[in-house]
Amino acid sequence: MTGDEFDIVVLGMGPGGEHVAGQLAQAGLEVAGVESGLVGGECPYFGCVPSKMMIRAGNLLAETRRVAGMAGRAYAEPDWAPVATRIRDEATDDWDDTVAADRFTGQGGYLCRGTGRLAGPGSVMVTCADGDRLLAARRGIVIASGSAPAVPPIPGLTGTPFWTNREAVKAAAAPGSLIVLGGGAIGVEFGQAFARFGTRVTVVEGQDRLLPAEEPEAGELLAAVFRREGIATRTGVTVSAVRWTEPSGFELALADGAVLTATRLLVATGRHIDLAAIGAGTAGIDEASPALPVDDRMRAAPGVWALGDITGHGMFTHMSMYQARIVIADILGREQHAAEYRAVPKVTFTDPEIGSVGLSEAQARGLGIAVRTGMARLPASARGWIHKAGNDGFIKLVEDSAAGVLVGATSAGPMGGEVLSMLTLAVHAQVPVSKLRGMIYAYPTFHRAIEDALSDLAGQAAVAQ
């Protein structure tokens, strides 16, 4: 065992951890970054970036199929090879993190490759290929250890060649058939992308609708789109057993007696964190907690900061980067804003895109808020009518009627994630609904449907009076 001493040790070099480590090193601190996988984490290699390349390619095919009746005739033959090549060469450098690693060391940081865990106050033990190393942190430790795909304990699943998002983005070819276990964001994104390349897809979701974390209208909309595109969905069912044989593939027995078969199985049932694996107990943190609790300066314990998935505030790259900025400022003693999570945005990049921010209607009611909602359907809007094919979508606003501000909103439709930006600002800044009604909305745009939803809100208020 060798000993090394630094000002800061960053445990986990995903997007947020890499940003913290690099910025602190550039500020003149001695920083060690500990990473057992690829520097940059899940997003650039297995998540956001490669999956959106898949989705972009699938959307191009879908647009080609919409030409008929609007612009003549068009034909496109699906070919997965360019998608796989782009992911390998442009997004991931064949899953090589040399560029990211060199960027960090070029900023003055020290990269320690291995599996790290807390080993008492100011200490991190790193298990490396050539032995153990004890890193000492003079000023503190930053935990950014991320999360991993959650695999449910279904009889027969262990030991089979099932996919998670990690294997799916490495696919050299679109499979002939695919069962997606999980109808959340990851499951529906991958399911639709593969389906557009000719894969026969079935999505299985244990809750009663797709996208159960979103407004019910979002799940209903996506289910209707999937039916139209030939994607089968089974909701409100659980899998009782999995069987795999070569070369037939997977056979899933559902609790209702149905049996599904496919050549590939994608498990997309969420992600999990493991506080015990990082030795959180040595810092006085309850390892049985569902997440690592932090204050509004991202402090988890004396001399310990945390950010990203492990904090439980949203498993998004934008969340880890938001929290990273707060950690950097706190360590360097710079003026900073406190962390707040009133307006956390998220986007499911299906077609249509489903963007949402803040509280859903059900969540707001559960908190005892006096709720009023407004709805506008995109096909009925001017831009939706012009757009025609592929114009599925809606705007839903959730108002705290007592305070007169939005506490949540959903933007579903073409470019739904982009339209969400205005709604995110409204929720974050608590802009009065009266102010939103007094704005000028460009015509004809998708975001102008927000004005229609505000009119519906006003109508609900008038009825209430």
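Me: Where is E399, and what makes that stretch a strand?

Reply: E399 sits in strand β21, which covers residues 394–400. Strands here are DSSP runs of E with at least two residues, while helices are runs of H or I with at least four, and both are numbered from the N terminus. By that count the protein has 14 helices and 22 strands. Please keep in mind that this is a predicted model, in which local features need pLDDT of at least 70, side-chain atom pairs count only at pLDDT 80 or more, and totals for chains, interfaces and linings use all residues. Residues are numbered from 1 along each chain as its sequence is written, and side-chain values use heavy atoms, leaving out hydrogens and water.

Me: Why is E399 called buried?

Reply: E399 has a relative accessible area of 3%, so it is buried (buried means under 20%, exposed over 50%, and partly exposed in between, with a 1.4 Å probe and protein chains only). Setting aside residues up to four places away in sequence, E399 touches A370, V371, R372, G404, V405, L406, V433 and L457. To touch, or be in contact, means having heavy atoms within 4.5 Å.

Me: What makes L378 buried, and where is L378?

Reply: The relative accessible area of L378 is 3%, so this residue counts as buried too. L378 lies in the loop between β20 (371–377) and α11 (382–387). Beyond its neighbours within four places in sequence, L378 is in contact with several residues, among them W385, F394, P414 and F446. V419 is 41 residues away along the chain, and its C-alpha atom is 12 Å from that of L378.

Me: How do you know which class A277 belongs to?

Reply: A277 has 40% relative accessibility, so it counts as partly exposed. You will find A277 in the loop between β15 (271–272) and β16 (299–301). A277 touches G116 and R117, again not counting residues up to four places away in sequence. A277 and S145 are 132 residues apart in sequence, with 9.8 Å between their C-alpha atoms.

Me: Why are D94 and K388 put in the classes they have?

Reply: The relative accessible area of D94 is 49%, so D94 is called partly exposed. K388 has 51% and is therefore exposed. D94 belongs to the loop between α4 (81–91) and α5 (98–106), and K388 to the loop between α11 and β21.

Me: What is phi in D94 and in K388?

Reply: D94 has phi near 60°, a positive value in a residue other than glycine. K388, also not a glycine, has a positive phi of about 60°.

Me: Why are α3 and α7 called oblique to each other?

Reply: Helix α3 (residues 48–65) and helix α7 (residues 185–195) have axes that come within 8 Å and cross at roughly 40°. That angle makes α3 and α7 oblique (under 35 degrees is roughly parallel, over 145 roughly antiparallel, 65 to 115 roughly perpendicular, and the rest oblique). The axes are lines fitted to C-alpha atoms, for helices over the stretch in contact, and angles run from 0 to 180 degrees between N-to-C directions.

Me: Which residues make that contact, and how do they divide by class?

Reply: S51, K52, M54 and I55 of α3 meet E189, F190, A193 and F194 of α7. They divide into five nonpolar, one polar and two charged. Ala, Val, Leu, Ile, Met, Phe, Trp, Tyr, Cys and Pro count as nonpolar, Asp, Glu, Lys and Arg as charged, and the others, Gly among them, as polar.

Me: How do α3 and α4 pack?

Reply: Their axes are 10 Å apart, at an angle of about 145°. V49, P50, M53, M54 and A57 in α3 meet V83, R86, I87, E90 and A91 in α4. By class, this contact has eight nonpolar, no polar and two charged residues.

Me: How do you know whether the size of the protein agrees with a compact globule?

Reply: For 465 residues, a compact globule would have a radius of gyration near 23 Å, and the protein has 24 Å, which agrees. The radius is taken over C-alpha atoms, and the globule rule is 2.2 Å times the number of residues to the power 0.38. Buried residues make up 50% of the 465 residues.
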